[in-house]
Amino acid sequence: CVTPSVPKATLMAVALSMNGVDFVETGMNFLYVAEGERESMTMVPRSGTINGGTMVTFRWGSEEEEEGGSSVVSGGTHQMSCVFSSVEEKRGVENQESGDSSSSTSVDVKTRAVVSSSSSSVSCLVPASSSGGTETVRVTLLDISNGVALGTSTFTYRLPIAVSSFAPEFGPAEGGTTIVAYGGNFFNDTVSGGAFCVFSKATAVMATATAVTARTPATWQSPSSLSCKIPPSSSVGPIHVSITFNNMTLHTYRHPFHYTPSASLSKVTPSLVPSTGGTTLTLSGLFLFGGEEINPNSNPMCVFGNDPTRRTTTRGNILSPTRVQCATPPGLTRMTTNKFNGTTSPLVQLRVSLNGVDLARGEVHLTLFVQPMLVRMIPDVGTSGVSVQVIGYGPSVVNMTNYNSSEANIQCRFAT
């Protein structure tokens, strides 16, 4: 069938006749819209949970037109409503002899619509899913006063969002920390503008419009994870993190993110280490959580090397607000070079991260050496106070005197 010409936008019932005289009501409606209106009409958001409660808003024209004062409705009093139509098709194999064919049924749910004060938009509250599961429904905006359908769109019901955790849970106040949120039923609604992380003051019970301090775009990774960057803060302390997938409904994690002072690294002891690994290092710097306390959720990591393709890490422990301890990994190789007294010795850049993501300010370097082969000791018998010579060979024996004197710390250990 081809739709006839009509003078105005309206919703019309469709009937079907096989002989041009007897019509059978199909129970279906066709929505007429004005030329160009279908392209300019938008409804956001286009998705929400099956529990309902999402507020959808119809707008006509571009943002520039809305700011110019264009109206959705004008003149008189208009009673508006949104009709949510869930259509379930029952498909079967057609049998011409028996007259069986596909059939469809629809269940309409109406909710009251509210016209904005500027008449540039109309909003409706989405009801709970009639099927109790995920589905896409048709949304029709009706002007009940005139019996006119003003616009139509679709809305997709999603399973309830669950945010179970995010990591890391703290980072420096200058921002830029990439956090990963974990949970279930995450979706990527690009039609409604995509996912966002929303940050609000920790004093607020829930993240409301008045409490929101910043929002950053989120990258959808999977139905159970997404990532976003933490914005900068002028002070240290907690902040709530919420996630929105439809640019409307906020899902807040129960534990806040904590802004901390920037960590800094200034020294490592020892700085001369064998390439075999296993050396316990003590890193000195400033590793505070708030005032003078240590972050209870710290997950310190020592990062060896400045080449991301060759970088290696080891877990560490925070001993105090000024000391972190970790061990060198096995198989360290030269990452860069440094000259001491005209010679070149292999160096490895060392940095530290307290949350496993952000690197502390500052860096130190480790000088690598190969353990010597010890072959002889003269004398090997005597009393206390005897001067003993240990004889061996290897590149480190030859070059040890050329290393920085502050790094070399040659000692003999006598043990029973």
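# Surface patch, disulfides, strands and rings

Two elements give two or more residues to the nonpolar patch, namely β29 (373–378) and β30 (389–393). The largest share, three residues, comes from β29, while Tyr 393 lies in strand β30. Strands (E, at least two residues) and helices (H or I, at least four) are DSSP runs numbered from the N terminus.

The model is predicted, so local features need pLDDT of at least 70 and side-chain atom pairs count only at pLDDT 80 or more, whereas totals for chains, interfaces and linings use all residues. Residues are numbered from 1 along each chain as its sequence is written, and side-chain values use heavy atoms, with hydrogens and water left out.

The disulfides come next. A search of the whole structure finds three of them, a disulfide being a pair of cysteine sulfur atoms within 2.5 Å. When the bonded cysteines of the protein chain are numbered in sequence order, the pairing reads 1-2, 3-4, 5-6.

Cys 82 and Cys 124 form a disulfide with their sulfur atoms 1.9 Å apart. The link of Cys 82 and Cys 124 is right-handed, with 65° about the S-S bond. Because Cys 82 belongs to strand β6 (residues 80–90) and Cys 124 to strand β8 (residues 121–125), the pair ties together parts that are 42 residues apart in sequence. Cys 82 is buried, at a relative accessible area of 0%, and Cys 124 likewise counts as buried at 0%. Here buried means under 20% relative accessible area, exposed means over 50%, and partly exposed lies in between (1.4 Å probe, protein chains only).

Another disulfide joins Cys 197 to Cys 228, at an S to S distance of 2.1 Å. The torsion about the S-S bond of Cys 197 and Cys 228 is about -90°, and therefore the disulfide is left-handed. This pair links distant parts of the chain, 31 residues apart: Cys 197 is in strand β14 (residues 196–201) and Cys 228 in strand β16 (residues 225–229). Both Cys 197 and Cys 228 are buried.

Cys 302 and Cys 326 are also joined by a disulfide, S to S 2.0 Å. With -95° about the S-S bond, the link of Cys 302 and Cys 326 is left-handed. Cys 302 lies in strand β23 (residues 301–304) and Cys 326 in strand β25 (residues 323–327), so the pair ties together parts that are 24 residues apart in sequence. Both Cys 302 and Cys 326 are buried. Cys 412, in turn, counts as exposed at 55% relative accessibility.

Strand β25 also takes part in strand pairing, which requires that DSSP find at least two bridges between two strands. Five bridges join β22 to β25, and these strands run antiparallel. Within β25, Ala 327 stands opposite Thr 280. Strand β22 (residues 280–286) also pairs with strand β20 (residues 264–269), in the antiparallel sense and over five bridges. The bridge partner of Val 268 in β22 is Leu 283.

The aromatic rings complete the tour. A pair of aromatic rings is described by the distance of the centres and the angle of the planes. Rings of Phe, Tyr and Trp (its six-membered ring) pair if their centres lie within 6.5 Å; planes under 30 degrees apart count as stacked, over 60 as edge-to-face and the rest as tilted. By this rule the count comes to five aromatic pairs. In one of them, the rings of Phe 187 and Phe 245 have centres 5.3 Å apart and planes at 35°, so the pair is tilted. Phe 187 is in the loop between β13 (178–184) and β14, and Phe 245 in the loop between β17 (237–244) and β18 (251–252), 58 residues apart. Phe 187 counts as buried at 8% relative accessibility, as does Phe 245 at 1%. The rings of Phe 257 and Tyr 259 have centres 5.6 Å apart and planes at 80°, so this pair is edge-to-face. Phe 257 and Tyr 259 are both buried. Ring pairs also link Phe 186, Phe 187 and Phe 245 into a cluster.
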